[in-house]
Amino acid sequence: MRWQEIVAGILVAACLIGLPAAALAYQNHRETRVVTLEMMQWEYRPAEIRVKKGEQLRLQLIAKDVVHGFQVDGIANVEVRPGKPEEVIIWAQDAGVYRFRCSMFCGLGHAAMVGQIVVEE
Amino acid sequence: MSAVQKPRQDRAERAVRGMTGIPEGSKFLGFIPVDWRYDLTERFPGLRRVLRSRWTSFLLQLITASVFAVALVAGFIGTPVGNANLLVVLVWIFWWSALMLIMVPFFSRIWCALCPLPSAGEWLQRRAFVKKRQGKGLTLGKRWPAALRNMWPVNLIFLGMALFSGILTTRTTVTAWLLLGMVLGAIVISLIFERRTFCRYLCPVGGFLGLYSNMATMEIRHNVYSVCRDHKHKECVVGTNEAYACPWMEAPTTMARNTYCGFCFECFRTCSKDNMSVRLRPPGTDLLVNKNRGLDEAWKAFIMLGAAAIYAAVMMGPWGTLKDWANMTSVGGYLVYASSLALTVMVVVPAVWGAFVWLGRKLSGADVPFVRLFTNLSYSLVPIGMLAWIAFSFAIILPNWAYIPRVISDPFGWGWDLFGTAGVEWNPVGMRVMPILQVAALLFGLAFSIDVAWKIARQTLGDDRKASLATIPPVIFLAGVTGLFTWLLVG
Amino acid sequence: MEMRQNKRRYGTALLAVGALLALGVYAALALTGVASASGREPNVVEVNVAARQWAWEPGVIEVNQGDLVRLNLMSLDVVHGFYLDGYGIDEALVAGQPVTIEFVADKPGRWMFRCSEVCGPFHPYMIGWLRVSPNWYARSSLIGVALLAAGTIGGFLLKVVKS
């Protein structure tokens, strides 16, 4: 019955290592643009990020002073604490302008803390 | 197929032998015969062949383990937004609802047959995936300490987790670390201790699965008692060359409750007489089994009942302060929340319930020890507790179902659309039916709890008059609890 | 033995009758409750509702069936959404921009209003209650509870008296 164990072992390896590996490969073969987005009272730097359609945007979010948020309607909403960078991956499938704004109340100018991602054809 | 006698006669034999202590002819709610059974393995011989195959358990676990592996990766490196992350949606929306609404009430601990968490540990321990390997496994094979061979460790571990449920259900990495920790814990435990020690004595999910599966409409039991009795070599207890002794350390020949049966089907594989069966039955029959009842399981019932009420208040309630506390927005607030949760489920619920049971005992003038009556009657909290969780779970799945197709197409929240369902709109369904479902669930739970309380009181006190009087205060408690859940869920 | 058996049947039958009665009353109330409009003059109820992470202020709104409800909604921090169970109303709330919605509270019961824009970790738990009286769901549940409890306790007392 040795062969049954070998078949089972191959299945286990294929499923438990192969599936996640395939997922990561599917993700990583895309064009990726890495952008560091600094968040501070009360602005994003840079306030505008330009990517090409089909590109993948890997955003490194860093809160410089207090807790800020990064919210793109229907796509992402992340809470970022100072000293603890977060990463958001956005796949720009459609051209257009996507606004993002702070989603954690961060003081007087909170409502003005906005920026945009421009996806170009 | 070996000797299959008349099961009806065999059940009578069992009742006579007092193995379960369920009086013959008992009927739930006055019309569902407690000893009704429908033997699926007898009716569908193909099912028995499937269950006898060692590949069945392996493949079931492999399927869930595959999904789990991807979900775990998503938990660590996918989007931190819970609703868009496969792990959080899979575990806290899909798995939880499926568990409470389908698996436990209808199929007992079938989840344990699918659970991917102990697989790695078990494969290592057995040094095999499918077939049984001869010789020593990769384990010290120690027995779990006798003092801990009960539900107390699980109660405490579950409570520890319950204190963080607000964080746990909303933060992807916390969920990921917890589940990874459970996988690693299961590996370590299986290398030191024998068989499924982790599942039986340490898994925080196992406790309420076990207790609430007493309400399930399915069971695995020996078929004809005399076959087991006359079979001196208990293969299901010691194992054979092809299959393992019961991994859950149960004795399938005398097992009378679902509580610690993990649906691994190993006893189907050991039994040379084909005397094991999977049967349909009325819900709740195990609650009447007058055997192995204990305060540990009673406390599990208190914890689950109290936790259901608290979660309904925190997660479905309109009180922002509670939510801030549960979310650890401030340390002080969180400590208030955590300590009152722990106090409520561990002390307040049992104390109030104890007062009502004590009153009933006084009223009836019964002379059985208080602790025995208290322990036994506590099992009547299981139906209302479970139905309250079911009512609560409707309010999880019906508004939030749309996240499931979304994460299937976009498991990491990276903008994928594998199956074209990433764009499914968040869209609650059945909101107008939900209160009706919840009220129906609560009333059914109350009726069932009252009936179980009465049956247990009669069983414990052995006298209809005393039992009647002793059940009156617990009925008031049960009615109060149902009123509370009515207010929390639809009031 | 025969007598004991009969007594048992008697007790459980009582319970069954109680349960059926409760379910019957419940069904009747639920049906008539949904169908009937309240006899009261409809009022206009205007409430200012603030949304923040992760709660509504006020969390509980009480109106009567038939009332015209006007909600002045405003988010204090981030983008939230206002979704009302049972009514299917869904409005996005951008921080600082007031939104007014109006509807006739024609469906009695207690309905949850919940956030419909992902607004942070506790977003799924951001819930408030709109109570539209008469709340037949809760009432019929409580009537059912009372009937079940009274029925069984009465049955027990009867049993004690007879024995």
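The axes of helix H7 (residues 119-126) and helix H10 (residues 172-192) of chain B come within 7 Å and cross at roughly 25°. Axes here are lines fitted to C-alpha atoms, for helices over the stretch in contact, and angles run from 0 to 180 degrees between N-to-C directions. The model is predicted: local features need pLDDT of at least 70 and side-chain atom pairs count only at pLDDT 80 or more, while totals for chains, interfaces and linings use all residues. Residues are numbered from 1 along each chain as its sequence is written, and chains are lettered from A and ligands numbered from 1 in the order in which they are written. Helices (H or I, at least four residues) and strands (E, at least two) are DSSP runs, numbered from the N terminus.

**Helix pair H7(B) and H10(B)**

- H7(B) and H10(B) are therefore roughly parallel to each other. Angles under 35 degrees count as roughly parallel, over 145 as roughly antiparallel, 65 to 115 as roughly perpendicular and the rest as oblique.
- Their crossing is right-handed. A crossing is right-handed if the near helix is turned clockwise from the far one by less than a right angle, and left-handed if anticlockwise.
- H7(B) brings B:Ala120, B:Gly121, B:Glu122, B:Leu124 and B:Gln125 to the contact, and H10(B) brings B:Val183, B:Ala186, B:Ile187, B:Ile189, B:Ser190 and B:Leu191. Two residues are in contact if their C-beta atoms, placed from the backbone, lie within 7 Å.
- By class, this contact has seven nonpolar, three polar and one charged residues. Ala, Val, Leu, Ile, Met, Phe, Trp, Tyr, Cys and Pro count as nonpolar, Asp, Glu, Lys and Arg as charged, and the others, Gly among them, as polar.

**Helix pair H16(B) and H23(B)**

- Helix H16 (residues 295-316) and helix H23 (residues 464-490) of chain B pack at an angle of about 20°, with their axes 10 Å apart.
- H16(B) and H23(B) are therefore roughly parallel to each other as well.
- H16(B) passes H23(B) in a left-handed crossing.
- From H16(B), the contact uses B:Leu305, B:Ala309, B:Ala312, B:Ala313 and B:Met316. From H23(B), it uses B:Val481, B:Leu484, B:Phe485, B:Leu488 and B:Leu489.
- The class count for this contact is ten nonpolar, no polar and no charged residues.

**Domains**

- Chain B is assigned domain 1 (32-287) and domain 2 (300-490). Domain bounds come from an automatic or database domain assignment.
- The C-alpha centres of these two domains of chain B lie 23 Å apart.
- Domain 1 and domain 2 of chain B each give 34 residues to their contact.
- On the domain 1 side, helices H4 (54-77), H5 (86-107), H8 (152-162), H9 (165-168) and H12 (204-212) of chain B each give two or more residues. H5(B) has the largest share, nine residues.
- That side of domain 1 of chain B has 23 nonpolar, eleven polar and no charged residues.
- Chain A is assigned domain 1 (1-30) and domain 2 (31-120). Their C-alpha centres lie 35 Å apart.

**Chain contacts**

- Chain B has 48 residues in contact with 49 residues of chain C.
- H16, H17 (320-326), H20 (381-400), H22 (434-461) and H23 of chain B each supply at least two residues of the side that touches chain C. The largest share, 14 residues, comes from H23(B).
- By class, this side of chain B has 27 nonpolar, 14 polar and seven charged residues.
- Chain B also has 16 residues in contact with 22 residues of chain A. The chain B side has twelve nonpolar, three polar and one charged residues.

**Sheets**

- In chain A, four strands form an open sheet with mixed pairing, in the order S2-S1-S4-S7. Two strands pair if DSSP finds at least two bridges between them.
- Strands S2 (43-45) and S7 (86-91) of chain A are the edge strands, each pairing on one side only.
- Strand S4 (residues 56-63) of chain A pairs with S7(A) in the antiparallel sense over six bridges. A:Arg58 has A:Ile89 in S7(A) as its bridge partner.
- In chain B, three strands form an open antiparallel sheet in the order S3-S5-S4. Strands S3 (38-39) and S4 (218-222) of chain B each have a single partner strand, so one side of each is left without a neighbour in the sheet.
- Two bridges join S3(B) to strand S5 (residues 276-280) of chain B. The partner of B:Tyr38 in S5(B) is B:Leu280.
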